[in-house]
Amino acid sequence: MENNNIDTKNVFELAIILGKALKEDPRLVKMEACRKAYEENAELSQWIAEYGVQQKAMENVTTGNDFDPQLIQNIQDRINVLYEKIVAHPVYVEMNDAQDAVNELMNAVNNTIMFAITGEMPSNCTHDCSTCGGCH
């Protein structure tokens, strides 16, 4: 697809085509399914909501002049427990893994675009093609 006369409109049309192709990529399809499962998981939603409340409580008790160190420790302990529960939940883990795969794909796409523009791979190229979506 070598064409030195591509105008700006065509660049954006090509970006739309690329976006549609990416949307069908199995990694993005999986990410969307994981995001939906994450949003619909009642247990995770409850923990995340409480985590936010605890963070706000921590903010409130640490901004005053007369704060209670034991209360602060209790809130921090609860925040730590909630954090560990959230990040260990299988739905969260799967969504995080799916997001990592999407990030790798997008980095590879961006690196490929930069290679096409500059003729050089960006400096984060590992030269191990198994970690990349491709440059050649």
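Analyst: This is a predicted model, and in it H3 and H4 are roughly antiparallel to each other, because their axes cross at roughly 155 degrees and angles over 145 count as roughly antiparallel. The axes of helix H3 (residues 42–63) and helix H4 (residues 69–88) come within 9 Å, and the crossing is left-handed.

User: Which residues of H3 and H4 make the contact?

Analyst: On the H3 side they include Leu44, Trp47, Ile48, Tyr51 and Met58, while H4 contributes, among others, Leu71, Ile72, Ile75, Ile79 and Tyr83.

User: And how do the axes of H2 and H5 cross?

Analyst: The axes of H2 and helix H5 (residues 90–118) come within 9 Å and cross at roughly 150 degrees, which makes H2 roughly antiparallel to H5. This crossing of H2 and H5 is left-handed, and the residues that meet include Leu28, Met31, Cys34 and Tyr38 in H2 and Val91, Met95, Ala98 and Leu105 in H5.

User: Switching topic, what caps the N-terminal end of H2?

Analyst: Asp25 does, with a side-chain oxygen that lies 2.8 Å from the backbone nitrogen of Arg27.

User: What span should H2 have, and how far apart are its end C-alpha atoms?

Analyst: At 1.5 Å a residue, the 15 residues of H2 should span 21 Å, and the end C-alpha atoms are 21 Å apart, so the two agree.

User: Last one: where is confidence lowest and where is it highest?

Analyst: Confidence is lowest in helix H1 (residues 8–23), at a mean pLDDT of 91, and highest in helix H2 (residues 26–40), at 97. The chain averages a pLDDT of 88, and 86% of the residues score at least 70.

Key. Residues are numbered from 1 along each chain as its sequence is written. This is a predicted model: local features need pLDDT of at least 70, side-chain atom pairs count only at pLDDT 80 or more; totals for chains, interfaces and linings use all residues. Side-chain values use heavy atoms; hydrogens and water are left out. pLDDT is the predictor's confidence in each residue, from 0 to 100. Helices (H or I, at least four residues) and strands (E, at least two) are DSSP runs, numbered from the N terminus. The expected span of a helix is 1.5 Å times one less than its number of residues. A polar contact is a pair of N or O atoms within 3.5 Å; within protein, one must be able to donate a hydrogen and the other to accept it, and residues adjacent in sequence count only if both atoms are side-chain atoms. Axes are lines fitted to C-alpha atoms, for helices over the stretch in contact, and angles run from 0 to 180 degrees between N-to-C directions. Angles under 35 degrees count as roughly parallel, over 145 as roughly antiparallel, 65 to 115 as roughly perpendicular and the rest as oblique. A crossing is left-handed if the near helix is turned anticlockwise from the far one by less than a right angle, and right-handed if clockwise. Contact means heavy atoms within 4.5 Å.
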